[in-house]
Amino acid sequence: MSTKIGTRSPTEDEENPELKELPFDSERKRMSSVRQFGDREQLAMKGAPNSVLSVSKFIYREGKPVPITEEDRKAVQSVNEAFAKKALRVLAIAYRSLDSGGKDYVIDEVERDVTFLGLVGMTDPPRDGVQEAITQCHTAGIKTFIMTGDHAITAQAIGQEIGLSESGKVSTVITGNELKKMDDDGLGAVIKREKSLIFSRVDPEDKLRIVNLLKQQGAVVAVTGDGVNDAPALKRADIGVAMGKIGTDVAKEASELVLLDDSFSTLVVAIREGRTIYSNLKKTVLASMTTNMAELTVVLLGLAAVALGNWAIPILAIQILAIDLLAEIMPLTCLTFDPPPDGIMNGPPRDLKAHIMNRSTTCEVILLGLLIGGLSFANFALFMFRENMTFTLDSADPVMYARATTITYLTIAYCQFANILSRRYEFMSLFSRTFWTNRILLVSVLGAIGLTFLVVYAPYISDFLRFAALSLTDWLYVLGAAGIYLFVFEALKIFKRSQVDRIGSR
């Protein structure tokens, strides 16, 4: 500041060398520097106003130090509060002349009877996008707390500026002194009740205590910080996030993540990305499990037909393998590239104990898998009915039997294409304005369809996989089965939407 206003000599450090530094700590909330001024030594101090006032014996007035009075202290506190209400970070500055001698300076001996010089208010405006990021946290059910060494009024003003309180009101502030008077049960109740809190003038142990209480309540805790004092809380949190630009090496070592841009908005983007990854993983797992259930259903129905009617099996093992390798692997992989669905940040965080395969999704996978398997076996049986023949284990026309198993294969494959595409949206219809947002998936489905044509009609490959060319009628049965499956899946979504709306209206 002195340099900015032109009162500091460019050769200050050479003219007035530092003899001793008394570094900042969270208990004193101040720091001092002893410097040589000619034949005398002088202590320069800066720190929290209350801390500096507590060791002030004089105040600089009209060019000279005079004894500080209670009225002076109140006046300083009044200015401090006025600055704090403007969201300024306030430092007090003071000095003291010392006896020369080059002795070892002890904090308690030299940091006393100082002359109070004044207050410095510094603006540290929120970064662009912070208010929007906080709003997203509210809609996403993420609690946001501020833990700071700043004055309570300053912290509260900053909280109001960034919209920390979801209701638009002023967030509750708990000072370090108040925090120490609260037992864990009382503090835990406040933390659980409030969606946003401000903790001001807190020590490292206070931050650690808050993190521990949040974790005891089952919350996943992310802590951001940049200083040595933040290290314990960063280390204890589930996710410690250090500032890459202004963060100390200690803070970075204690953290799992380092923000290269020091932006809170980046954290919210990361949460959104994490939810998208989980959502896409869930879609992929359910789509894959549905096909596996369909294949199992066809095999079991085929075994039942073998046992009861001596029928030939409806699909060969190598053809089942071809479903996984040719019809599934590309679309399932590209399903993970789905963009985040609308409203992905409008719900609360998922339960850590919840599984992808729960009661609801398991029932859905079984139902849809049975449907695909049933349609595939039905097409196999209908082919025999249309051709007025029965394939048995003892006798089967090789070409006609190959057509029948090809129909079974293609029915499963095309139902799976419909399944993968419809899996993109849990409640919304496949036929929506966002259908084209994942073009790599659409291309992969077209590529997989092309492969099914290749393996059915290409010489040598079709013979190796025991496939045969289909007629137009055969293809209509395959596409009809895929259409039936898609209709049932879309109807299931309508039912699920109605259930959600019914629960939400309660």
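Me: Is Trp-475 buried or exposed?
Reply: Burial here goes by relative accessible area, with under 20% called buried, over 50% exposed and the span in between partly exposed (1.4 Å probe, protein chains only). This is a predicted model, where local features need pLDDT of at least 70, side-chain atom pairs need 80 or more, and totals for chains, interfaces and linings use all residues. Residues are numbered from 1 along each chain as its sequence is written, and side-chain values use heavy atoms, leaving out hydrogens and water. Trp-475 comes in at 11% relative accessibility, so it counts as buried.

Me: How many aromatic pairs are there?
Reply: Rings of Phe, Tyr and Trp (its six-membered ring) pair when their centres lie within 6.5 Å; planes under 30 degrees apart are stacked, over 60 edge-to-face, and the rest tilted. Going by that rule, the count of aromatic pairs is 14.

Me: What kind of pair do Phe-380 and Phe-391 make?
Reply: Their planes sit at 45 degrees to each other. With 6.3 Å from centre to centre, the pair is tilted.

Me: How many residues apart are Phe-380 and Phe-391, and are they buried or exposed?
Reply: Helices are DSSP runs of H or I with at least four residues, strands are E runs of at least two, and both are numbered from the N terminus. Phe-380 belongs to helix α15 (residues 359-387), while Phe-391 is in the loop between α15 and α16 (398-422), which puts them 11 residues apart. Both Phe-380 and Phe-391 are buried.

Me: What type of pair do Tyr-414 and Trp-475 form?
Reply: The ring centres of Tyr-414 and Trp-475 are 5.8 Å apart. Their planes meet at 70 degrees, so the pair is edge-to-face.

Me: How far apart in sequence are the parts that Tyr-414 and Trp-475 tie together?
Reply: Tyr-414 is in helix α16 and Trp-475 in helix α19 (residues 472-504). The pair therefore joins parts separated in sequence by 61 residues.

Me: What is the relative accessibility of Tyr-414?
Reply: Tyr-414 counts as buried. That's because its relative accessibility is 8%.

Me: Which ring does the charged end of Arg-386 sit over?
Reply: A charge sits over a ring if NZ of Lys or CZ of Arg is within 6 Å of the ring centre and within 35 degrees of the ring normal. Arg-350 does this with Tyr-278, 3.9 Å from the ring centre. For Arg-386 the distance to the centre is 4.2 Å, and the ring belongs to Tyr-477.

Me: In what order do the three strands of the open sheet run?
Reply: Strands pair if DSSP finds at least two bridges between them. β11 and β12 (residues 239-243) have four, in the parallel sense. The pairing across the open sheet is parallel, and the order is β11-β12-β13.

Me: Which strands stand at the edges?
Reply: An edge strand here has a single partner, so one of its sides lacks a neighbour in the sheet. That applies to β11 (222-225) and β13 (257-259).
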